[in-house]
Amino acid sequence: MNFEFSEEQKMIRQAARDFSKKLEADVIERDYKAEYPAHHIKELAELGFLGMITSPEYGGGGMDSISYLLAMEEISRVDSAVAVIMSVHNSLVLAGLEKYGTEEQKRKYIPRMVTGEHIGAFLLSEPEAGSDATSQKTTAEDKGDYYLVNGTKNWITSGNTASVYIVIAQTHPEKRHHGINALIVDRHSPGISCGQHEDKMGMRSSDTHSVMFTDVKVPKENRIGEDGFGFTFAMKALEGGRISIAAQAVGIAQGAFERALSYSKERKAFGKFISEHQSIAFKLADMAVKIENARNLVLKAGWLKDNGKPYGMLSAMAKLYAADMALEVTSEAVQIHGGYGYVKEYHVERLMREAKLTQIYEGTSEIQKIVISRLLLRD
Amino acid sequence: MKILICISNVPDTTTKIKPTADQKAIDLANVQWIINPWDELALTRALELKDAAGSNIEKITVLTVGEKIVEPTLRKALAIGADDAVRVDAAPKDNFYTAFQIAEAVKGQSYDIILCGIESSDYNGSALGGMLAEFLDLPGISSVSKLDIEGDTVRVNREIAGGFEVVETETPFVAIVQKGIAKEPRIPSMRGIMMARTKPLNVVAPAPAEPLTSFVAYHSPKPKAACKMVDAENVEELINLLHNEAKII
């Protein structure tokens, strides 16, 4: 048992922390205007965060999951909109491509993605298929040497900015989820259009769109894995993505906690600092315990992944616990700030809005309970 | 051209510094160590010069005097972009001792430019650069806030009262740099962190020497007095407080 981070992991965490200081300068304004963080994403790419867990063979950093999760936590401490762009790009798209793509697909797509020249998006959710991902209405009709894709995808992070889509679509409806395929699709293919930027509650500066496909031709060689592998591919990608979102939830909570802690030592009420009132001190203690619990779940899931052990159960547990914890902790941070917590200037209301999304995307809290209970009851 | 940056390993500027109970040392528990901010800016400027088109800088070396605990700080400098690092394996006891050790380690290494931060953010000695120049018998230029290289000529700005002066010099020399030398420190990239694993970090034994001074005791500054607000209308209370509580009138 070793709870020490390596020097390299510490250095990566510090680099992410230094980077996140720059996000702080305009995060409130970008959130208010729902403005895409283009210059920050450019720097994120220059620093190598957009390919950090990809193998050096394809131009990536070859870092372990723990380093990546530490970086996710640090960036989410300040700005989850930037963190989610990084998460989808790394955990769902790049990791999925590297693990299941053909050598040709990897050579073609990954090198320009790790440099940030091309951003990746993962297109699974549909207007009527969110949690029930088996009910894909988007079709990928087999036309011999290409697939003809039709349908609509919803809630797509980086929907308009991404150049590389991984699209989950149904090829053989009669086979239900065994008929689903995952296709690499060029965003600029004829027949693709993006809906309006979604006016979200939180993480407003990441660009979330619906994406419409009308007779989009996708070459056969862009299919990931065997015919019908798409659903398994999506579930495997999400298994890894979940730890990343759990780390994001820990970061959001940590950011709110630090602000609440510092505020409690500055603000006076009834003649003393509010941190000296037991009601506030106990809140801080509860928040710290919950964050630490969630962080340990996240790191254990990451450790299992890095050591080639099954991590599905832990990643679902981490996502479930961390997301619920983040909403509780951020809500308490707003409470500690009182009226100041309810205005934008103090950040905590934004962090609370961001926390809510971690209970919903990449598998709702309810879906995580299905995953955990099925694994528990399997044998 | 070869550039040497003398690096000091200092507590993070946000760390709350406190003496140990016996006041004989600084309590190092929970201290987060960083590159001294002025040294980090010096490194940043050196890297900018190396990255510039037509640069003739072949190597940037970072050096520190310190025990093994300082190695993460040197690794960070390597991750940021330094080519190699040297650690003189001794605790930096005072300015004289540290400058002497650096001079001994550097002699015969033919560095063209040696950069030192104007002071370290922990002990604020502000003496090392000057001593080092003297030990090495090199010109020493203090308060440098800008440094450019044109061919073999180096032009620097020196901060002086009411403005700055421009100084030209030839290499080799020691520059004691301050704020302005570079805009902001670089964040190490993932590639840099990965490459830092394999860059040389050479440990050299200290030369025989004794410090000229020793620390006797450390004390924290007195805590700031609480601020008491008095209503502008209530002059009587103000007079009363100044007279009876603060006892200054």
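This is a predicted model: local features need pLDDT of at least 70, side-chain atom pairs count only at pLDDT 80 or more; totals for chains, interfaces and linings use all residues.
Visitor: Why does N30(B) count as exposed?
Guide: N30(B) has 8 C-beta neighbours inside 10 Å and therefore counts as exposed. Residues are numbered from 1 along each chain as its sequence is written, while chains are lettered from A and ligands numbered from 1 in the order in which they are written.

Visitor: Why is Q23(B) called partly exposed?
Guide: Q23(B) has 14 C-beta neighbours inside 10 Å, and so counts as partly exposed. Q23(B) is placed in the loop between β2 (9-11) and β3 (33-35) of chain B. Its phi is positive, about 60 degrees, although Q23(B) is not a glycine.

Visitor: What makes P200(B) an exposed residue, and which residue 115 places away along the chain has its C-alpha atom 6.3 Å from that of P200(B)?
Guide: P200(B) has 10 C-beta neighbours inside 10 Å and therefore counts as exposed. P200(B) belongs to the loop between α5 and β11 (201-204) of chain B. The other residue is A85(B), whose C-alpha atom is separated from that of P200(B) by 6.3 Å.

Visitor: How do you know that the peptide bond between T171(B) and P172(B) is cis?
Guide: The bond joining T171(B) and P172(B) is listed as cis, with omega at about -5 degrees. P172(B) sits in the loop between β9 (163-170) and β10 (173-177) of chain B.

Visitor: How is chain B built as a whole?
Guide: Chain B contains six helices and eleven strands. Its C-alpha trace spans about 70 × 45 × 40 Å along the principal axes. Of its 249 residues, 35% are buried.

Visitor: What makes chain A and chain B neighbours in contact?
Guide: Two residues are in contact if their C-beta atoms, placed from the backbone, lie within 7 Å. Eleven residues of chain B are in contact with 15 residues of chain A. On the chain B side, α2 (71-80) and α5 (190-196) each supply at least two residues. The residues on that side divide into seven nonpolar, one polar and three charged. Here Ala, Val, Leu, Ile, Met, Phe, Trp, Tyr, Cys and Pro count as nonpolar, Asp, Glu, Lys and Arg as charged, and the others, Gly among them, as polar.

Visitor: How do you know that the buried residues of α3(A) line one face?
Guide: In helix α3 (residues 38-46) of chain A, the buried residues are H40(A), I41(A), L44(A) and A45(A). Seen down the axis of α3(A), they fall within an arc of 140 degrees, and so they line one face of the helix. That arc is taken over the directions from the helix axis to the C-beta atoms. The buried residues of α3(A) pack against α1 (7-24) and α5 (80-100) of chain A. On the other side of α3(A), A38(A), H39(A) and K42(A) are exposed. Just after α3(A), G48(A) takes a positive phi of about 95 degrees.

Visitor: How do you know that the length of helix α8 of chain A agrees with its number of residues?
Guide: The expected span is 1.5 Å times one less than the number of residues. For α8 (residues 278-306), with 29 residues, this should give 42 Å; the end C-alpha atoms are 41 Å apart, which agrees. Just after α8(A), G308(A) has a positive phi of about 65 degrees.

Visitor: Which residues have the most contacts inside the largest nonpolar core?
Guide: They are A249(A), A253(A), V298(A), A322(A), I5(B) and L132(B), in a core of 182 residues. Helix α7 (residues 230-264) of chain A gives the most to this core, with 17 residues. A nonpolar core is a set of buried Ala, Val, Leu, Ile, Met, Phe, Trp, Tyr and Cys residues joined through C-beta atoms within 7 Å.

Methods. A residue is buried if 20 or more other C-beta atoms lie within 10 Å of its own, exposed if 12 or fewer, and partly exposed in between; C-beta atoms are placed from the backbone. Helices (H or I, at least four residues) and strands (E, at least two) are DSSP runs, numbered from the N terminus.
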